[in-house]
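Please look over the structure shown here, and then read the briefing on its backbone, surface and helix packing.

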Amino acid sequence: VCTAPALMAILNQNPDDIFHYAFFVTATALLGSIGCHLQERSQRAAWLRAQLLHQMSERDPLTELFNHRAFYSRGDHLIRHARREGRNVAVLGVDIDYFKRFNDVYGHLAGDECLRQVAQIVSEHARRPLDMAARLGGEEFAVFLYDINRSNALARAEDLRESVKALQIPGRVRITISVGVATATPLDTITMESIIGQADVALYRAKHDQRDCVREWSDSKSKSNLLLISNPG
């Protein structure tokens, strides 16, 4: 209703006034559009920076695997999800054998390169969407496996051990690892901390016995002892 009188008023004005008015409206709209675009770009850049910082806060800077804090936090969420979905989970605790001796003989730069190469192999054994690989500290790593049964978790651990043993580091001694395995069903009332603790117990047994082997955690109710999976030569 108000548009027609306003349009007639504009048309009855001097052509120069109409030009100036049109120029003003166009310029205002253009500046507004540029402002919105710049604001959107600024918001997108801020979001990307926040995402990058968050990702960096979850990663170990040397190996780019998840760090200790992120592994525990994400693992607790995945365990709750697995319980709702009726899925099994497993954790592999991994430790490089005699790593301190390696560092003392070859130096810290060679030690860092060893950690990176082992981390790459560990990462390759956690490639499914809900699997995770982490460096928990020093020469200790961990793998979280989602929707996997006991036999497959043990097979994955043995394959990981063999893959690291086949690793060739020019001019260095052969690297081996010890692996501890803990598994849980949806009926088990576990947390990420408790299942990692179980994997640590099995890992300690592997290192105490002979190293370069896989051990499985078990409680006294279900199994009589820790089970030796591999027999390295």
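Y98 counts as partly exposed because its relative accessibility is 43%, where partly exposed lies between buried (under 20% relative accessible area) and exposed (over 50%), computed with a 1.4 Å probe and protein chains only. The model is predicted, so local features need pLDDT of at least 70 and side-chain atom pairs count only at pLDDT 80 or more, while totals for chains, interfaces and linings use all residues. Residues are numbered from 1 along each chain as its sequence is written, and side-chain values use heavy atoms, with hydrogens and water left out.

**Backbone in loops**
- Most residues other than glycine have a negative phi.
- Y98, in the loop between β1 (89-96) and α4 (99-106), has a positive phi near 55°; helices (H or I, at least four residues) and strands (E, at least two) are DSSP runs numbered from the N terminus.
- E64, whose place is in the loop between α2 and α3, also has a positive phi, near 65°, and this residue counts as exposed because its relative accessibility is 59%.

**Helix packing**
- The axes of α3 (residues 68-85) and α7 (residues 192-209) come within 8 Å and cross at roughly 110°, so the two helices are roughly perpendicular (65 to 115 degrees).
- In contact (heavy atoms within 4.5 Å), F71, Y72, G75, D76 and I79 of α3 meet M192, E193, I195 and I196 of α7.

**Surface**
- L30, which lies in helix α2 (residues 15-58), counts as exposed because its relative accessibility is 51%.

Note on methods: Axes are lines fitted to C-alpha atoms, for helices over the stretch in contact, and angles run from 0 to 180 degrees between N-to-C directions. Angles under 35 degrees count as roughly parallel, over 145 as roughly antiparallel, 65 to 115 as roughly perpendicular and the rest as oblique.
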